[in-house]
Amino acid sequence: MEKDDLIRRAMAGFFREKLPGDMPASGTMRTIRGLQYIVLRSGAGQVVAIFRLKNDGFLRRMRRPPKALLD
């Protein structure tokens with residue numbers, strides 16, 4: 001899958017769940033220990049949500065993401 005498509009899907013997932021807080025302004029893809037993550041950040045650069053790309057191609061929102069993604 002394309003990186004931009006995954007970021008778009010993560011943004012759509014965020015808006016479906018919409019919890020109180022900042023709105024995502026950008027997204028990046030990161031790989032840690034062989035697993036791929038989509039990190040959504042606000043305009044101020046704070047992490048708003050993190051999704052993990054599962055083996056079946058679905059995105060899952062992380063409740064307790066790896067600390068390396070929170071910086």
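Author: We shall take the sheet, then the cores, and then a few single residues. Please keep in mind that this is a predicted model.

Reader: In what order do the strands of the sheet come, and what is the sense of the pairing?

Author: The sheet is open and has four strands, in the order 1-2-3-4, with antiparallel pairing. From one strand to the next, the twist averages 30 degrees.

Reader: Which strands stand at the edges?

Author: Strand 1 and strand 4 do; each has a single partner strand, so one side of each is left without a neighbour in the sheet.

Reader: How many bridges are there between strand 1 and strand 2?

Author: Seven bridges link strand 1 (residues 26-32) with strand 2 in the antiparallel sense. Thr28, for instance, has Val39 of strand 2 as its bridge partner, and Thr31 is partnered by Gln36, also of strand 2.

Reader: And how many join strand 2 to strand 3?

Author: Strand 2 and strand 3 run antiparallel and are joined by five bridges. Here Tyr37 is found opposite Arg52 of strand 3.

Reader: What sits between the strands in each hairpin?

Author: The hairpin of strand 1 and strand 2 has two residues between the strands, and Arg33 there takes a positive phi near 50 degrees. In the hairpin of strand 2 and strand 3 there are five residues between the strands, and Gly45 takes a positive phi near 90 degrees.

Reader: Why is strand 2 described as largely enclosed?

Author: Of the seven residues of strand 2 (residues 35-41), five are buried, so the rest of the structure largely encloses this strand.

Reader: Changing topic: which residues make up the largest nonpolar core?

Author: That core has 11 residues: Leu6, Ile7, Ala10, Met11, Phe14, Ile38, Leu40, Val48, Ala49, Phe51 and Leu53. Helix 1 (3-17), strand 2 and strand 3 each supply at least two residues of the core. Helix 1 gives the most, with five residues. As a general point, nonpolar side chains tend to be buried together in soluble globular proteins.

Reader: What other core lies apart from it?

Author: Another core, of five residues, lies apart from the largest one; Tyr37, Val39, Ile50 and Leu69 are among them.

Reader: Let me pick Phe14. Is Phe14 buried or exposed?

Author: Phe14 has 2% relative accessibility, so it counts as buried. Beyond its neighbours within four places in sequence, Phe14 is in contact with Asp22, Pro24, Leu40, Val48, Ala49, Phe51 and Arg61.

Reader: How many aromatic pairs are counted, and which residues form an aromatic pair?

Author: The count is one aromatic pair. Phe14 and Phe15 form it, edge-to-face, at 5.5 Å centre to centre and with 80 degrees between the planes. Phe15 counts as partly exposed because its relative accessibility is 40%.

Reader: Next, Arg41. Where is it, and why does it count as buried?

Author: Arg41 is placed in strand 2. Its relative accessibility is 19%, and buried means under 20%, so Arg41 counts as buried.

Reader: What does the side chain of Arg41 reach?

Author: It reaches the backbone oxygen of Gly45 at 3.0 Å.

Reader: A last one: where is Lys54, and how far is it from Arg9?

Author: Lys54 is in the loop between strand 3 (47-53) and strand 4 (59-61). Lys54 and Arg9 are 45 residues apart in sequence, and 13 Å apart in space from C-alpha to C-alpha. Lys54 counts as partly exposed, because its relative accessibility is 30%.

Methods: Residues are numbered from 1 along each chain as its sequence is written. This is a predicted model: local features need pLDDT of at least 70, side-chain atom pairs count only at pLDDT 80 or more; totals for chains, interfaces and linings use all residues. Side-chain values use heavy atoms; hydrogens and water are left out. Buried means under 20% relative accessible area, exposed over 50%, partly exposed in between (1.4 Å probe, protein chains only). Two strands pair if DSSP finds at least two bridges between them. A polar contact is a pair of N or O atoms within 3.5 Å; within protein, one must be able to donate a hydrogen and the other to accept it, and residues adjacent in sequence count only if both atoms are side-chain atoms. A nonpolar core is a set of buried Ala, Val, Leu, Ile, Met, Phe, Trp, Tyr and Cys residues joined through side-chain atoms within 4.5 Å. Contact means heavy atoms within 4.5 Å. Rings of Phe, Tyr and Trp (its six-membered ring) pair if their centres lie within 6.5 Å; planes under 30 degrees apart count as stacked, over 60 as edge-to-face and the rest as tilted. Axes are lines fitted to C-alpha atoms, for helices over the stretch in contact, and angles run from 0 to 180 degrees between N-to-C directions.
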